[in-house]
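Open the model in your viewer and keep the selection tool ready. We will go stop by stop.

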Amino acid sequence: MSGFHYAEGELCAEGVPLSRVAREFGTPAYVYSRAAIEANFRAFDAALAPLPRLVCYAMKANPNLAVLSVLARLGCGFDIVSGGELARVLAAGGDPGKVVFSGVGKRADEMAAALRAGIRCFNVESEPELDRLAAVAAAAGARAPVSFRVNPDVDPRTHPYISTGLKENKFGVDFAAAPALYRRAASLPSIRVVGIDMHIGSQITELAPYREALVKLLALVDALAADGIRLEHVDVGGGLGIRYRDESPVPLPAYAAMLRELARDRPQTLVFEPGRRLVGDAGVLLARVEYLKRGEGRNFAIVDAAMNDLLRPALYDAWHPVDAVRPRESPVDTWQIVGPVCESADFLARDRDLALAPGDLLAIGAAGAYAMAMSSNYNARPRACEVLVDGERAHLVRRRERVEDLFAGESIAP
Ligand code: LLP
């Protein structure tokens, strides 16, 4: 876990002991390391040098304004999937000229807002979407910059819920249908064709699917050029995995070498949409043990965080590391780490060997991506606070929700 280490027997985020975060802000709390986010971005960007490139952080992974601002200040762009995400980028000081807009279901009002903001590109995923965008742009007297998300039909060999580049997925336009779509788009006065893109899945730990997909994509770029359609950028999407347990992530130098080899001597800028790789290991979910419940064959550690705070274990059977903030000497037991939500799927971790006592703090690791972002208020649980640690300082970057917040938008019908 970059940004997190033990000092004097206690887990710290940079220079801040996690017990201090718990004391100041309470639990459950998401804690992020600014240095880790910055190091991840710099490593990603530097590995790709000197390729002409634009890194657009897939902000769905973690859309907190403070996280966006840290990345925006490093020159990072953003991959968005909704008008809400666009508003967040603008609120965080991001450059709309470095925004690409992905997603299969863009609404007309979202398109109009993105056109007004002056985004770099719409990643269009179907012909009806192209028609709608052309109409919205025409009504606004604008020309919409367009890239088609092409489905290369490769198997990224990841969890089926996060695999997107296969024919049977809802994402992207069919490879075979793409040339005709490009010709149509090029003929529309309110559309400007600028690129092509793909995104084959998430938490990918092999290079081969990327290579296979990119070879196909670049062949299409060449075929389009022969047809007089010259693209300014090739967006290779995101999806690079991280280590949660024992995975071997694709090393950035190998990824970059593959790109340099395949994209050599091409005029196009390469666009990247990493999410997890930039923030996944830069956060932990800090939780406190409420009760220890010993049973026949199973011991439960009931903590104050739950599936509404971190859904990944329940939804994908995902494995996150769990560490005691202050490891004890006492004997170790095997624990099911569960929350207070009334669902058997409400587990954060299974079969973990830990020495625990009630009141102990636990850090659930690799929780910087798709963690707070996928939280909910299920069981009328206010969402956790978020804290960004920067050296010796801990900044509250989202206050804990209050119970009143939960029903502030509701009313009782007469
Ligand atoms: N670009 C597009 C068009 C995407 O749909 C995604 C993720 C990304 C980029 C970024 O992918 P990344 O680099 O983070 O793998 N909730 C799941 C992950 C869902 C990913 C959705 N799309 C999880 O917790 O594993």
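Select Gly239 and the ligand. A polar backbone atom of Gly239 is 2.7 Å from an oxygen atom of the ligand. That is a polar contact, a pair of N or O atoms within 3.5 Å. The model is predicted: local features need pLDDT of at least 70, side-chain atom pairs count only at pLDDT 80 or more, and totals for chains, interfaces and linings use all residues. Residues are numbered from 1 along each chain as its sequence is written, and side-chain values use heavy atoms, with hydrogens and water left out.

Next, select Gly275. One of its backbone N or O atoms lies 2.9 Å from a ligand oxygen. How much of the ligand does the protein bury? Taken alone, the ligand exposes 590 Å², and the protein buries 91% of that (Shrake-Rupley method, 1.4 Å probe).

Now move to the cysteines. How many disulfides are there? A disulfide is a pair of cysteine sulfur atoms within 2.5 Å. The count is zero. Select Cys76: the nearest cysteine sulfur, that of Cys56, is 6.9 Å away. Cys76 is buried, at 2% relative accessibility; buried means under 20% relative accessible area (1.4 Å probe, protein chains only).

Last stop: Cys385. Its sulfur is 18 Å from the closest cysteine sulfur, in Cys12, so it is too far for a bond. Cys385 is also buried, at 1% relative accessibility.

How values were computed. Buried means under 20% relative accessible area, exposed over 50%, partly exposed in between (1.4 Å probe, protein chains only). A polar contact is a pair of N or O atoms within 3.5 Å; within protein, one must be able to donate a hydrogen and the other to accept it, and residues adjacent in sequence count only if both atoms are side-chain atoms.
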